[in-house]
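Biologist: I'm new to reading protein models, so please take me through this one feature by feature. Let's start with the rings.

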Amino acid sequence: MRWLDWLVVAGYLIWVVADGLRRTKGASGIDGYLLANRSLPWWAVGLSVMATQLSAITLVGTTGQAYADGMRFIQFYFGLPLAMVVLSVTLVPFFYRSGVYTAYEYLERRFDVKTRTLASLLFLCGRSMSTGAIISAPAVILSIIFHWNLTLTILAIGVPTIVYTMLGGVQAVTWTDVKQMGIVVGGLVCAVIALILGLPHDVSVGQALHVAGAAGRMNTIDFHVDARQTYTFWSGIIGGLFLHLSYFGCDQSQVQRYLTAKSLDQARHSLLMSAFVKIPLQVLVLLVGVFMFLFYVFNQPPLLFNGEPRQRVVASARAGDYGQLESAFAGAYQRRRDAATAMTKGDGGARDRFLDANAEMQSIRGQAAAIVKDVTGEAGYGDRTGDTPKPDVNYVFPTFVTTRLPPGLVGLIIAAIFAAAMSATAGELSATATATVIDVYKRLLNTTATDAHYLAVSRIAVAFWGIVACIVAHVAVQLGSLIEVVNRIGSIFYGSLLGVFVLALLFKRANGHGAFVGLLTGISVVAGFAFYPATRGVSYLWHNPLGVAVVLVVGMAVSLATGPRTSTA
Amino acid sequence: MPSVTDTRPMGRIYALVILCHAAVITALWWTGHVFSR
């Protein structure tokens with residue numbers, strides 16, 4: 001990074017912390033600190049909802065995914081607008097009218113304290129782990145690309161976020177989210193413009209997109225019915241519907257966002273903003289990946305984007321083999337570029353030559369990944385995303401940014417990666433602190449303290465969960481693929497949590513025992529399904545409908561067997 | 001206190017969400033179809 005890039009990143013960090021601290025005056029009581037006194041406009045809450053969902057993993061991983069596998073990932077979001085409509089009609093009015101701080105408070109009013117506590121603890125366990133992953137993923141990538149100290153990188157993301165969240169509460173989180181979304185979208189738009197300008201002058205955008213289409217990068221919708229395919233139209237519209245219902249309806253990090261809106265209508269509008277904007281925003285993210293693919297059709301890409309394993313291979317006995325692969329890769333790249341150029345000139349036979357050269361490059365990359373796997377022992381290099389080794393996908397965008405963009409713009413994109421990580425982390429910290437204080441401390445440990453006491457405990461809880469997230473981020477790096485396991489475990493809870501809320505809303509005869517046993521059974525069944533060898537290949541998007549179904553069946557059976565509902569309301 | 005009385009009918013907005021979503025999916029399919037030929 002040049003001095004101008006450092007200036008941009010440092011300027012961003014100072015600005016975001018200062019802006020967050022300006023909001024501390026609105027956080028003088030527990031209502032102001034955790035719910036912003038329900039005073040925020042729908043558009044700020046809507047942007048905060050999207051900022052919380054869009055982490056640096058999304059920004060870096062999704063662009064890399066589109067580079068390697070094209071636009072098909074967009075299908076993951078097909079259920080989102082439908083989920084927003086369903087939630088606006090059902091859960092949002094219930095939460096808002098009941099005046100709760102957390103989603104799980106509603107479960108005690110409808111069922112009993114044990115169901116509320118279990119749901120809240122599941123949220124706290126899952127979110128504390130995933131917040132660590134949110135910080136560690138970009139920290140690892142940035143530390144490798146720039147040779148930064150990993151611990152300092154984790155702290156550079158974590159500490160400013162903890163400071164402004166702890167002092168400013170949810171108001172600071174929301175208003176910094178608004179600005180951070182601006183930086184992220186601005187960075188993405190600048191990246192797309194830079195990528196389009198990087199195309200050869202005699203190749204139009206339309207011609208370039210036809211080249212991307214020939215390589216399968218424009219295949220957006222897949223109507224095949226295959227439960228093992230993660231991204232199809234059906235998994236997106238059905239599995240994605242349940243996933244987004246769970247995430248936006250039962251996850252405190254999102255529920256807290258729309259509980260801060262100044263009215264019920266504004267809360268609904270904040271969610272419907274995502275229904276309109278989320279897919280176009282995600283298309284923009286994926287287009288960065290597609291245009292990066294096109295950039296590297298006309299400019300030579302490295303054999304592997306992550307330079308660290310290459311250095312280890314070059315220092316090993318397999319250096320000669322790897323060198324031969326690099327030469328063969330350069331030859332195949334030249335053939336692919338010539339064929340792509342011919343395609344843009346209307347040469348009818350060039351498409352086949354392009355596809356042959358592309359397949360050859362893919363094969364060489366596969367052999368290089370096998371060598372890396374042999375030398376480093378990293379099992380991930382045995383898997384692929386599209387035509388790229390799986391661990392390499394996350395390094396495509398940062399490598400492009402740092403090697404091809406002009407000074408200043410590099411700083412802006414790095415600031416955008418920081419902004420994405422910090423906005424997602426801040427939302428999670430605020431939510432985990434709220435669940436800790438409202439569902440555990442105030443409900444179970446100290447029920448009669450003053451507002452000032454709960455405010456102080458809330459600030460301590462933010463700091464506590466922030467430190468936990470930084471420690472988890474550090475440990476997760478050493479454990480490597482365990483981050484994936486953590487994410488997989490998260491998907492196991494979601495469907496069952498949604499099932500409990502559906503049980504509460506739609507089944508009047510359901511009681512607390514049914515909800516509690518149903519929730520535990522749902523999690524157990526989905527966990528078994530996710531890890532059982534015969535079914536572990538089924539896309540995680542289908543775990544959520546399964547969890548809902550199990551909770552409803554078991555919850556109702558136990559409720560009918562144990563008698564009338566045990567509501568405490 | 002939460003303001004819960006200022007709710008307006010949302011049916012048209014929900015219908016608009018569904019229509020726009022269908023249009024976006026159709027546009028994505030069409031774009032993919034055109035550029036993948």
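Modeller: Bring up Tyr67(A), Phe293(A), Phe295(A), Tyr296(A), Phe305(A) and Phe400(A), which ring pairs link into a cluster. Rings of Phe, Tyr and Trp (its six-membered ring) pair if their centres lie within 6.5 Å; planes under 30 degrees apart count as stacked, over 60 as edge-to-face and the rest as tilted. Before we go on, some ground rules: this is a predicted model, where local features need pLDDT of at least 70 and side-chain atom pairs count only at pLDDT 80 or more, while totals for chains, interfaces and linings use all residues. Residues are numbered from 1 along each chain as its sequence is written, chains are lettered from A and ligands numbered from 1 in the order in which they are written, and side-chain values use heavy atoms, leaving out hydrogens and water.

Biologist: Where does Phe400(A) lie?

Modeller: Phe400(A) belongs to helix α17 of chain A, residues 396-404. The helices (H or I, at least four residues) and strands (E, at least two) are DSSP runs, numbered from the N terminus.

Biologist: And is Phe400(A) buried or exposed?

Modeller: Buried, as its relative accessible area is 1%. The cut-offs are under 20% relative accessible area for buried, over 50% for exposed, and partly exposed in between (1.4 Å probe, protein chains only). Also have a look at Ala191(A): 209 residues separate it from Phe400(A) along the chain, yet their C-alpha atoms are separated by 9.8 Å.

Biologist: How many aromatic pairs are there over all chains?

Modeller: The count is 26. Take Tyr441(A) and Tyr454(A): their ring centres are 6.2 Å apart and their planes stand at 80°, so this pair is edge-to-face. Tyr441(A) sits in helix α18 and Tyr454(A) in helix α19 (residues 451-479), so the pair ties together parts of chain A that are 13 residues apart in sequence. Tyr454(A) is buried too, with a relative accessible area of 4%.

Biologist: How do I read two helices that pack together?

Modeller: You describe them by the angle between their axes and the distance between the axes.

Biologist: Is the crossing of α9(A) and α18(A) left-handed or right-handed?

Modeller: Left-handed. The contact residues of α9(A) with α18(A) divide into 24 nonpolar, nine polar and one charged. A crossing is left-handed if the near helix is turned anticlockwise from the far one by less than a right angle, and right-handed if clockwise. In the residue classes, Ala, Val, Leu, Ile, Met, Phe, Trp, Tyr, Cys and Pro are nonpolar, Asp, Glu, Lys and Arg are charged, and the others, Gly among them, are polar.

Biologist: On to charges: which residue forms a salt bridge with Lys345(A)?

Modeller: Asp202(A) does, with the closest N and O atoms 3.0 Å apart. Lys345(A) is in the loop between α15 (319-344) and α16 (350-376), and Asp202(A) in the loop between α9 (150-197) and α10 (205-214), so the pair ties together parts of chain A that are 143 residues apart in sequence. A salt bridge needs a side-chain nitrogen of Lys or Arg within 4 Å of a carboxyl oxygen of Asp or Glu. Lys345(A) is exposed, at 54% relative accessibility. Over all chains, the structure holds 18 salt bridges, and one network of them links Glu108(A), Arg116(A), Asp439(A) and Arg443(A).

Biologist: What about Arg268(A) and Asp265(A), buried or exposed?

Modeller: Arg268(A) is buried at 10%, and so is Asp265(A) at 3%. Their side chains meet in a salt bridge, 3.7 Å from N to O. Both lie in helix α13 (residues 264-298) of chain A, three residues apart, about one turn of the helix.

Biologist: One last thing: where is Ala36(A)?

Modeller: In chain A's loop between α2 (30-35) and α3 (42-53). Ala36(A) has a positive phi of about 55° although it is not a glycine, and it is buried at 1%. Asn37(A), found in the loop between α2 and α3 as well, also has a positive phi of about 55° without being a glycine, but Asn37(A) is partly exposed at 45%.
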